[in-house]
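Keep the structure open as you read.

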Amino acid sequence: MDILKIKEGSSVADIGAGSGWFTVRAARRVGNGADVYAVDINRDYLDYIDKRAKREGLANVRVIQGKDNDPLLPEKSVDAVQLMKTYHEIAQPIQLLKRTRTAMRAGALLGIIDRNGNGDHGIDKDVVIKEVARAGFVLVNQYDFVKPDRADYFLVFRVGP
């Protein structure tokens, strides 16, 4: 979260939120003055996140059932976007990212954590970098500290010119 400059008051989107692991942690960090959008195409995951947020008193969590090519986020609503272990599952990543870009405020960052591979729960980071660039983003930094085996990577982008 530090790398994506997520702090108190930041609004965040967790695209491909799954069970909400990142959503919950982001919601605690940003506080009640900012929204955390849990976006997924699976309604069951969103229902689980919604119940968990209520149970844990996280009133700042908003669930959105996105589409495979559109996260349906409000325009200029977020300071950071995270896709964790999700990118390789996205059927239309360039379309999704173009629509994500419209939800990002000036200076917002996009983080993508995934695993090197060729389709089976992973995708080569060079492919991701090229596709994300086609969607209008510029690579800011990349890290391989995600796990000790260095098979995972963390890419950080900003909206391009």
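Helix 1 (21–30) and strand 4 (78–84) each supply at least two residues of the lining of the second largest pocket. The model is predicted: local features need pLDDT of at least 70, side-chain atom pairs count only at pLDDT 80 or more, and totals for chains, interfaces and linings use all residues. Residues are numbered from 1 along each chain as its sequence is written, and side-chain values use heavy atoms, with hydrogens and water left out. Helices (H or I, at least four residues) and strands (E, at least two) are DSSP runs, numbered from the N terminus.

The second largest pocket has a volume of about 230 Å³. Twelve residues line this pocket, and the closest to its centre are Met 1, Phe 22, Gln 82, Ile 113 and Phe 154. By class, its lining has ten nonpolar, one polar and one charged residues. Here Ala, Val, Leu, Ile, Met, Phe, Trp, Tyr, Cys and Pro count as nonpolar, Asp, Glu, Lys and Arg as charged, and the others, Gly among them, as polar. On a 1 Å grid over the protein atoms alone, a pocket is an open set of points where a 1.4 Å probe fits, with protein on both sides within 12 Å along at least five of seven lines; lining residues have an atom within 4 Å of a point. Grid points are joined across faces, edges and corners, and a volume is the space filled by probe spheres set on the points.

The largest pocket holds about 270 Å³. Of its 17 lining residues, Gly 16, Asp 40, Ile 41, Thr 86 and Ile 90 are the closest to its centre. Its lining has eight nonpolar, four polar and five charged residues.

Return to helix 1, where Thr 23 is found. Thr 23 is buried, with a relative accessible area of 0% (buried means under 20%, with a 1.4 Å probe and protein chains only). Its side chain makes a polar contact with the side chain of Asp 14 at 2.7 Å (a pair of N or O atoms within 3.5 Å, one able to donate a hydrogen and the other to accept it; residues adjacent in sequence count only if both atoms are side-chain atoms).

Now take helix 4 (residues 125–134). Its buried residues are Val 128, Ile 129, Glu 131 and Val 132. They pack against helix 3 (93–101), strand 5 (104–115), strand 6 (137–143) and strand 7 (152–159). Just after helix 4, Gly 136 takes a positive phi of about 100°.

Key:
Buried < 20%, exposed > 50% of the residue type's maximum accessible area, 1.4 Å probe, protein only. Contact = heavy atoms within 4.5 Å.
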